[in-house]
Amino acid sequence: MLNAGYETAYIGKWHLGITNPGFFNTWRGFNSGLPPWTGKPHESQYRADVHTRQAVEFIEQNASRPFLLWVSYYPPHEPWDPPKRFLEQYRGKDCEPVPYYAAVSNLDWNVGRIVAVLEKHNLLDNTFVIITTEHGRTWIDRPGTLSGMGIAYDEAARIPLIMRYPRLLPWGATWKSGVSLVDVMPTILEATGIAAPRVHGRSLIADLRAGRDGWSRPIVIQNVSQTAIGGSYYQERAIRVEKWKLILRSFDLPGDRRADELYDMQADPNETANL
């Protein structure tokens with residue numbers, strides 16, 4: 001994008017160090033682990049709000065030229081400590097943990113701020129907007145889940161992917177078959193008319209426009225444990241097609257807490273009966 005005349009910016013969690021890798025004109029990245037507040041909680045600035053302000057400033061400064069803006073919010077990752085006004089709407093409701101949902105509501109509000117500045121400059125319908133995340137998490141107890149994130153079960157592997165670009169994409173469609181995050185980059189490049197390098201993913205635009213909502217290929221899931229289980233770190237890989245999910249695991253040391261698993265995803269979408 002940088003070499004194609006786009007002004008580029010990255011704001012938020014990077015997870016790959018603290019320095020600009022050279023892809024971005026504007027760099028506001030950090031290597032994860034920062035607290036939710038810039039100073040004393042609830043007396044300083046909430047970091048997601050700060051990142052949104054930086055994003056809005058970037059759009060304001062570059063509204064007259066092509067740009068790519070990547071905002072990588074850290075919430076709703078732990079520790080959950082969102083502004084109190086987002087907690088109040090969940091008081092007394094049957095949803096736990098409340099701070100997690102409140103953090104998500106704060107992100108909804110912040111995304112709205114970005115959409116508003118695009119509308120202000122008449123850019124919204126000419127901007128490819130994508131909302132997604134790198135993983136979900138489970139709230140139920142499964143053998144060896146620990147953090148609830150580094151797993152191949154659908155609670156963690158099935159994540160939001162929302163795309164809006166009226167010039168190319170159908171309005172209001174809900175996709176039911178599998179796609180992968182490796183498809184996002186070639187999709188963006190096709191939308192902008194930039195040739196994609198050879199990568200594992202493929203552009204989704206042709207299938208979306210034609211309504212070809214079918215499992216035309218397998219989806220691969222891979223995780224590396226961040227926490228030892230029974231003294232052993234492990235790799236977890238899975239392959240998913242429309243009907244089946246096969247999960248394979250390898251341990252550094254022998255262990256039986258996370259055996260290989262096979263699920264019929266049509267008959268057992270909650271992955272409760274290992275076949």
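**Cavities, bonds and surface**

Mentor: Sorted by class, the lining of the largest cavity holds five nonpolar, four polar and four charged residues. Here Ala, Val, Leu, Ile, Met, Phe, Trp, Tyr, Cys and Pro count as nonpolar, Asp, Glu, Lys and Arg as charged, and the others, Gly among them, as polar. This is a predicted model, in which local features need pLDDT of at least 70 and side-chain atom pairs pLDDT 80 or more, while totals for chains, interfaces and linings use all residues. Residues are numbered from 1 along each chain as its sequence is written, and side-chain values use heavy atoms, without hydrogens and water.

Trainee: What counts as a cavity?

Mentor: A cavity is a set of points on a 1 Å grid over the protein atoms alone where a 1.4 Å probe fits but cannot get out, and lining residues have an atom within 4 Å of a point.

Trainee: How much space is in the largest cavity, and which residues lie nearest its centre?

Mentor: About 100 Å³, the volume being the space filled by probe spheres set on the points, which are joined across faces, edges and corners. Trp-175, Gly-178, Val-179, Arg-202 and Asp-207 lie nearest the centre of the largest cavity.

Trainee: And what lines the second largest cavity?

Mentor: The lining includes Tyr-74, Pro-75, Glu-78 and Pro-79, and the space inside is about 60 Å³.

Trainee: Which peptide bond leads from Pro-75 to Pro-76, cis or trans?

Mentor: Cis, with omega near 10 degrees. Glu-78 and Pro-79 are also joined by a cis peptide bond, with omega about 0 degrees. Pro-79 sits in the loop between β3 and α2; helices (H or I, at least four residues) and strands (E, at least two) are DSSP runs numbered from the N terminus.

Trainee: Is Asn-122 buried or exposed?

Mentor: Exposed, because its relative accessible area is 71% and the cut-off for exposed is over 50%, with buried under 20% and partly exposed in between (1.4 Å probe, protein chains only).

Trainee: Where is Val-220 found?

Mentor: Val-220 belongs to strand β6 (residues 219-224). Val-220 counts as exposed because its relative accessibility is 57%.

Conventions: On a 1 Å grid over the protein atoms alone, a cavity is a set of points where a 1.4 Å probe fits but cannot get out, and a pocket is an open set with protein on both sides within 12 Å along at least five of seven lines; lining residues have an atom within 4 Å of a point.
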